[in-house]
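This briefing covers a loop residue, a helix pair and the aromatic ring pairs of one structure. The sequence and the model are shown first.

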Amino acid sequence: MPQPQDNARAIFLILLIFWLATSPDSGPGLIAGPNLIKSRLARQRHALSVLNNTQWGDFAPRLADDPPEPETEPKYLNLTGFREEDKYVWEDLGRFKNRCEEWSKNAVGIPETAEPVWQNATGVVRGWWQRTNTSSPRYHSSYNLTEISPDVTWAGLNADWGRNVTGTEGKIMVRLEDNEDSATEPEETDKLILDKTEVKAREVSSTVTVDDVEGTGSSWEMRLHGVHWPRQGAMLLTTTSEKFAGIFGLPHLATRPDFFESSKALLNRTLDKALERKEQHTFTDQIDPWTSTLDAPGEAWNPSPHCEYVLYLQIHPLERDLVGVQPSLTGPENVAKAIQDIEDELRFPQGTGHRRIPPLQMSAVLFSPDCAFFLETKGPPAYAPADGRHLVGVKQEIFLHSVSTALLGLALIVFGQLQLLKLQMRETSTPSTLGRVSFYTGCMMLLADGMLFTGAAAWSFSASTTLLPSLAVTCVSFLSMTVGTFFLAEIHKVQEPEWRREERERERQNAAANTSNTATPPNSRQTPASNSPAASTTPPIIIPSDQDIDAEIAENANNNNTATLPAPVTAGTTAPTPQNLRSQLSNIFGRLLLAGICTLFLSLAAASWRPSWRFAYFNILLFAYLSLWVPQIYRNVYRNCRRALSWRFVIGQSVLRLLPIAYFYITPNNFAFAEPDYTAFAVLAGWVWIQIWILVAQSILGPRFGVPKGWMPEAWEYHPVLREDNIEAGGLPIGLVSTPSSPTSLERVRTGEEGKDKERKRTNTHVIDCAICREVLEVPVVKAGMEDPTAGGVAGVFARRMYMVTPCRHIFHSACLEGWMRFRLQCPICREELPPL
């Protein structure tokens, strides 16, 4: 009969296959797919021909401030989204261009005397935006998409459009890819011949993430393509879809005639080459190269309507004191030369480092011609520098350097965790010490290391610049996971008999309850108790949890014929075979693997949730992860064990596992761009230290100090209160009993000065030699008829921590017996089995 875990695994696999088989296939199929691709390429080829046959001024729509009867007729383009009948908000195009020119003038000055800026804008910038409406509103019901793009089948035609920003302000992040190897205008034939100052325009692309913080709370990520004019530091990018031919009409959205000419020449050449490649590979390459949706296959077959964007970026000049140019040589040519030297050093390091790399700063204007709104970055002159500095970030080389440094730091942290684990394994190498460690604490650590290994391995597959640091994290996390798996297997081998004994006890209780319910009808009358002598109960058996004790229980039950308790269900069975242990471990590790995979996928999905939901999810996840000492606290209480792990391991693991979280929670410029949250980190760190202090209290005051007796099963108390009249506990330990006839009695009474303290007279201090270390052991014993003056207090707890009493009534130093029991669970004197600590 298969195990329940195997059945659950089979059911999960069947459900997964059923979900994959019944999921709707949105693709058009092998035959219809190439036909749809050819139809799309034909529309794009037509749009390119329109761009080739137009000039500056051919797209001059009616503006909002134009008189009712303008002197010249408005002009539109025969492009999707640029036609008059499409009803886009092109009457605000003049406002958009004016705003772009205003941003450029505020940043670099007038075009004739523009200040030098970064020539390569590859990097990441972030900032806040402010939303303003256009002259006339638009809604998704204002458009007829079947007329705008009649050959396209839209998904969710009547639903609200995506990327529709409704809040007044929010956050934006722009990842720019401005590679110098991209196509340029004029066309670059030889890098040694074409000087960088001769480059008029260059291809650029970016990934823009817009967070609608005060509106819907959603976050949208989109891909934009466009042109960069390096000398002016201006960039114009746009989205492209089946309802907006943005990249083909981009030159007409430029603010200057020279921008139009250079971008038109560049796009005519690059778009034609891209279409030729697509037309030659309609079967193998079916993705639209200018799609704005990151989920490109779904956008290709069943596009969903969303807001389109036109993005204008203006790079700001560098701070003069950071460039490193002498005050007497701060002319435009010298500043441009210094900027070029910095960029060359970043791309091809030669050892001529700078004191500090200037930040990458930009201002941006986003215009949505179909959803009718503007998004402008917050900064001077419209806002004070304290309210915002537009978009600020770092260049890609600096960003990748910070990522590599963080990954190397993470590798060192995991290596430290590995070393602490190895040292702890040396200290917990015996069955007695392994039985104290919580199995679930080890599972939580192993699960975290496994998820880190999976994430680092996935990162390594796609990493280029950060390959070596990511491989270091992958290797170290794999070693940590391997050692943790071995340690967990050893703990499982020792604690598995204890789990089976608990399972048998639960089955016995359930069987007894079912028997009593069936044997006694509800209306039957109880017979009076007979006067026969009561059956004697089975004497208690003290059995360590690191031994398989089925045979001992069965033998004891068979020898005691007068026992009233039934024999265990599994009595007489043999110990579990290594094959069974491996099967149980495989089931446990399979569950951990499934939990780790589900957590990883859920975390990836949470990255696109609303910010409040995303923060709550990650805070809850980290709170559960940092509760790794809670199972150990429970294990100490259940086993009545004061300390199972070394303080070096507990404190070291706590600090090392908090460090990566601290990097994302309290570091403003972390590579994940997570917002600092000092309050949340204080709560997480405080929760970890609370657990550590609970472990310290358990070690000093006892694991069950303050815990009601009925909450946990009875356990042997190695530190009892010794009384001369304690008959129920079997009397005093051997060696402390006073024998009046013996002249060499071991009892010595240390009496205090009379009248000094009456409470001292309630106890005698008995002196005995410890059988392990052969040193003197002083034991306080309460006199007969007296009350312990320190009962229930901390002072009494500390006094009782000096000695330990075994069930066989032998007494030793606490340190001596604890050291002995790390290796053998037998009394050093009589060899009787001892309950584990």
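Which residues do ring pairs link into a cluster? In this predicted model, the cluster is made up of Phe-59, Tyr-76, Phe-82, Tyr-88, Trp-90, Phe-96, Tyr-143, Trp-161, Phe-244, Phe-367 and Phe-374. The count of aromatic pairs comes to 29.

**Aromatic pairs**

- The ring centres of Trp-229 and Phe-259 lie 4.2 Å apart with the planes at 15°, so this pair is stacked; the cut-off for stacking is under 30 degrees.
- Trp-229 and Phe-259 are both buried.
- Tyr-663 and Phe-671 also pair, with ring centres 5.9 Å apart and planes at 35°, so the pair is tilted.
- Tyr-663 is partly exposed because its relative accessibility is 23%, while Phe-671, at 17%, counts as buried; the limit for buried is under 20%.

**Packing of H11 and H17**

- Two packed helices are described by the angle between their axes and the distance between the axes.
- For H11 and helix H17 (residues 647–666), the angle is about 35° and the axes are 14 Å apart.
- The crossing of H11 and H17 is left-handed.
- On the H11 side, the contact involves Met-445, Ala-448 and Asp-449; on the H17 side, Phe-649, Gln-653 and Arg-657 take part.
- By residue class, this contact of H11 with H17 consists of three nonpolar residues, one polar residue and two charged residues.

**Thr-466**

- Thr-466 sits in the loop that runs between helix H11 (439–462) and helix H12 (467–519).
- Is Thr-466 buried or exposed? Its relative accessibility is 5%, so Thr-466 counts as buried.
- With neighbours within four places in sequence left aside, the residues in contact with Thr-466 are Leu-400, Val-403, Ser-404, Leu-407 and Trp-459.
- With Trp-459 there is also a polar contact, made between the side chains of Thr-466 and Trp-459 at 3.0 Å.

Note on methods: Residues numbered from 1 in each chain as written. Predicted model: local features only at pLDDT ≥ 70, side-chain atom pairs only at ≥ 80, totals over all residues. Heavy atoms only, no water. Helix = DSSP H or I, 4+ residues; strand = E, 2+ residues; numbered from the N terminus. Buried < 20%, exposed > 50% of the residue type's maximum accessible area, 1.4 Å probe, protein only. Polar contact = N/O pair within 3.5 Å; in protein donor to acceptor, adjacent residues only side chain to side chain. Contact = heavy atoms within 4.5 Å. Axes fitted to C-alpha atoms, helices over the stretch in contact; angles between N-to-C directions. Left-handed = near helix turned anticlockwise from the far one by under 90°. Nonpolar A, V, L, I, M, F, W, Y, C, P; charged D, E, K, R; others polar. Phe/Tyr/Trp six-rings, centres within 6.5 Å; stacked < 30°, edge-to-face > 60°.
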